[in-house]
Amino acid sequence: MLDSIDEAIVRELRKDARLQNKDLAERVNVAQSTAVVRHRALRERGVITGYHAEVDPKAVGQHVQAMLAVKIRPHTKEIVDPFMAYVLSLPETLALSHVTGPEDFLVHVAVSDVGHLQRLVLDKFTSRREVTEVHTNLLFSHVRKH
């Protein structure tokens with residue numbers, strides 16, 4: 001369970017993971033030493049699991065984003081785990097979710113163009129033995145909540 005101070009720290013770091021401790025302390029209205037101790041404790045408890053740079057796909061030549069809904073068979077741990085590792089290894093993969101419903105996975109991808117998307121689906125997904133279906137949805141826009 002997080003108390004109100006921990007929740008405030010998490011909220012501020014979600015907005016800006018590079019926030020300096022003095023600014024974090026000021027924003028959550030605690031002493032700098034308290035902010036340091038709380039921040040460290042959140043990392044040690046596994047609440048904060050890492051920091052990353054968020055990159056605009058268009059700025060690196062990935063002008064098309066899509067959501068791939070993938071069904072695999074058999075849906076067993078021996079197939080699921082290696083499939084997830086494979087999908088996460090693809091440079092086009094932005095995010096992967098293992099879901100319930102008619103599909104087993106939602107894969108958020110970013111590619112240079114529609115031809116690249118077609119090659120990705122045909123060469124990297126439907127060519128795999130365990131993949132039985134792929135439904136491709138182009139994203140008009142994608143906005144992350146901060």
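Which residues have the most contacts inside the largest nonpolar core? Point 3 takes this up.

1. Basis. This is a predicted model, in which local features need pLDDT of at least 70 and side-chain atom pairs count only at pLDDT 80 or more, while totals for chains, interfaces and linings use all residues. Residues are numbered from 1 along each chain as its sequence is written, and side-chain values use heavy atoms, with hydrogens and water left out.

2. Fold and overall form. The protein chain contains 5 helices and 4 strands; helices (H or I, at least four residues) and strands (E, at least two) are DSSP runs, numbered from the N terminus. Their order along the sequence is α-α-α-β-α-β-β-α-β. The radius of gyration is 20 Å, well over the 15 Å that the globule rule gives for 146 residues, so the protein chain is more spread out than a compact globule. Here the radius is taken over C-alpha atoms, and the rule is 2.2 Å times the number of residues to the power 0.38. Along the principal axes, the C-alpha atoms fill a box of roughly 55 × 35 × 20 Å.

3. The largest core. A nonpolar core is a set of buried Ala, Val, Leu, Ile, Met, Phe, Trp, Tyr and Cys residues joined through side-chain atoms within 4.5 Å. The largest has 20 residues, and those with the most contacts inside it are L68, V70, F83, F105, V107, L117 and F125. At least two residues of this core come from each of strand 1 (64–72), helix 4 (77–89), strand 3 (105–111), helix 5 (114–125) and strand 4 (131–138). Strand 1 gives the largest share, 5 residues.

4. Leaving aside neighbours within four places in sequence, V107 is in contact (heavy atoms within 4.5 Å) with A66, M67, L68, V70, V87, T93, A95, L96 and F125.

5. Of the 146 residues, 33% count as buried; buried means under 20% relative accessible area, exposed over 50%, and partly exposed in between (1.4 Å probe, protein chains only). Among contacts with a separation of 6 or more, 61% are between residues 24 or more positions apart.

6. R11. This residue lies in helix 1 (residues 4–15). Is R11 buried, exposed or partly exposed? R11 counts as partly exposed because its relative accessibility is 45%. R11 and V28 are 17 residues apart in sequence, and their C-alpha atoms are 9.5 Å apart in space.
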